[in-house]
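Good morning, and thank you for joining.

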Amino acid sequence: MRTMPVVELTPDDQRRLAELVETVLENCPGQTEFRYLSYVRQQLDIRTELPRITEAFAHSDGDAVHVRNLPQFDDVERSKILCLLLGEAIGACVAYAEYNHSYITDIRPTTLSSEKSSGVELLSMHNDLAWASDNCRPRTLVLVPHIASGEVPKTLLAPARDVLALLDEETKDVLRTRQFEARSGSALSWGHERVRRMELLVEEEGKPPVVRLNFGTYTPAAGLSPAEAERASQALTDLSRAALEVGRRLGISIRKGESVLIPNDHCVHGRDTIQPDKCERLLLRSYVLPDAVAARHGNTMVHLSS
């Protein structure tokens with residue numbers, strides 16, 4: 001049975017990573033995420049410290065990477081630093097100015113958040129901020145549970161190539177065309193909605209395929225003929241169904257002491273239903289850009305309008 005690649009830290013790896021977390025915390029008494037990252041970038045060579053994670057993700061070929069045997073902490077600040085260290089091992093952790101200004105997002109069942117991930121119902125398959133441009137779209141998600149007890153739901157994982165294996169050529173041909181539009185900005189601080197015409201399948205030789213899903217963001221584009229609109233709508237439905245089928249097959253329940261690194265363009269993800277009376281869960285998420293893309297912004301507070 002196919003599974004996601006796994007990195008199992010050795011006891012020495014785990015001990016060293018715990019030491020690095022303590023070093024960052026001791027040298028950043030103000031306990032702000034930006035300060036943690038500044039210290040990591042200026043004082044640590046984190047990719048030399050975590051070479052197995054760096055290498056495994058670089059060669060994952062569009063799969064999510066499951067990291068196990070991480071150090072565990074009761075203090076959420078230490079877990080946040082752990083999440084940022086994992087992100088810096090594979091790229092540059094960023095925050096989004098129009099989104100939540102935070103390098104770490106806490107995800108848990110709550111009525112206090114407008115994030116779709118804060119509910120308990122099935123979280124449909126998607127890429128985060130999939131409508132954003134190549135200059136700012138998060139390329140990787142780092143997920144680290146600070147609390148995960150009871151019946152922990154699966155994080156659903158669907159690499160694009162596995163999803164495409166379930167689709168016929170006619171459907172893939174429709175997804176390759178710019179017959180879809182993404183509406184974005186209504187939940188951001190833009191003050192206006194932006195409409196962008198896009199394809200939902202991108203294939204480049206030598207790279208894993210890209211598929212795009214983002215809740216209700218994508219619809220058949222305005223101006224299509226009735227027949228074209230029907231084909232586009234059906235292709236979008238088929239893509240969503242295939243992604244959910246693969247996600248349920250390859251998904252994993254992320255436990256405390258574990259992490260999943262998700263290549264956002266190449267692997268759609270979701271979450272199974274949560275039984276609130278049977279599960280306690282607090283998940284930390286960091287967005288990561290490739291170093292070269294992050295460098296274009298001059299700092300790590302990125303604008304989605306870029």
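**Salt bridges and a cavity**

Let me begin with Arg78, which forms a salt bridge with Asp75, their closest N and O atoms being 2.8 Å apart; the term denotes a side-chain nitrogen of Lys or Arg within 4 Å of a carboxyl oxygen of Asp or Glu. The model is predicted, so local features need pLDDT of at least 70 and side-chain atom pairs count only at pLDDT 80 or more, whereas totals for chains, interfaces and linings use all residues. Residues are numbered from 1 along each chain as its sequence is written, and side-chain values use heavy atoms, with hydrogens and water left out.

Arg78 is partly exposed at 23% relative accessibility, and Asp75 is partly exposed at 27% (buried is under 20% relative accessible area, exposed over 50%, partly exposed in between, with a 1.4 Å probe and protein chains only).

The structure holds 28 salt bridges. One of them joins the side chains of Arg2 and Asp63 at 2.8 Å, N to O. Here Asp63 is buried, with a relative accessible area of 5%, while Arg2 is partly exposed at 30%. In another, the side chains of Arg68 and Glu8 meet at 3.0 Å, N to O.

Which residues line the largest cavity? Among them are Leu70, Phe73, Val144 and Lys256. A cavity is a set of points on a 1 Å grid over the protein atoms alone where a 1.4 Å probe fits but cannot get out, and lining residues have an atom within 4 Å of a point.

Key. On a 1 Å grid over the protein atoms alone, a cavity is a set of points where a 1.4 Å probe fits but cannot get out, and a pocket is an open set with protein on both sides within 12 Å along at least five of seven lines; lining residues have an atom within 4 Å of a point.
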